[in-house]
Amino acid sequence: MSQFITKSERETADLAEKLCKNIKAGSIVLFFGEMGAGKTAFVRGALKAYNNPSFVSSPTFALVNDYGGSPRIYHFDMYRVTDENDLYSSGFFDYADENSVLFIEWSENIIEFIEDYYSDRIIKIDIQKSVNESERIITVEGGEF
């Protein structure tokens, strides 16, 4: 487990870019953290690591954003997914192949189902606000950092 502190949204994106150089195709990145913690900012930086110029936005209403590229990047929002049936009907399992990287916000809603199938491919990233409003405490578990 590794822990980092960033002092701005830009630093969070820069850290993500550095970390994601070690996140390979087939990985499933599970985000934890409250709304506004910086999960989407992290994904923005991650795409830079993969030389992917796509515009990153929160997939709140779309459920999943497909950013293409190689590896193919998918960005999920599981806020409204509350059980395994919801997860299946979202088509999630069709995206989780060895040629893509999945970034999943609100993963606490689905972690028990994801861990059952993909425990060896999971990287957990917890982003918490610090007492200083602009600071974030980022804890990474899994992967090689």
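Which hand, left or right, does the crossing of α1 and α2 have? The crossing is right-handed, that is, the near helix is turned clockwise from the far one by less than a right angle.

The model is predicted: local features need pLDDT of at least 70, side-chain atom pairs count only at pLDDT 80 or more, and totals for chains, interfaces and linings use all residues. Residues are numbered from 1 along each chain as its sequence is written, and side-chain values use heavy atoms, without hydrogens and water.

Select residues 9–20, helix α1, and residues 39–49, helix α2; their axes come within 7 Å and cross at roughly 40°. Helices (H or I, at least four residues) and strands (E, at least two) are DSSP runs numbered from the N terminus. Axes are lines fitted to C-alpha atoms, for helices over the stretch in contact, with angles from 0 to 180 degrees between N-to-C directions.

Next, display the side chains between them. Residues of α1 including Glu9, Arg10 and Leu19 meet α2 residues including Phe42, Arg44 and Lys48 (heavy atoms within 4.5 Å).

Now turn to the sheet. Seven strands form an open, mixed sheet in the order β1-β7-β6-β2-β5-β4-β3; two strands pair if DSSP finds at least two bridges between them. From one strand to the next, the twist averages 20°.

Finally, select β7 (residues 136–141), which runs antiparallel to β1 and is joined to β1 by five bridges. Here Thr6 stands opposite Arg136.
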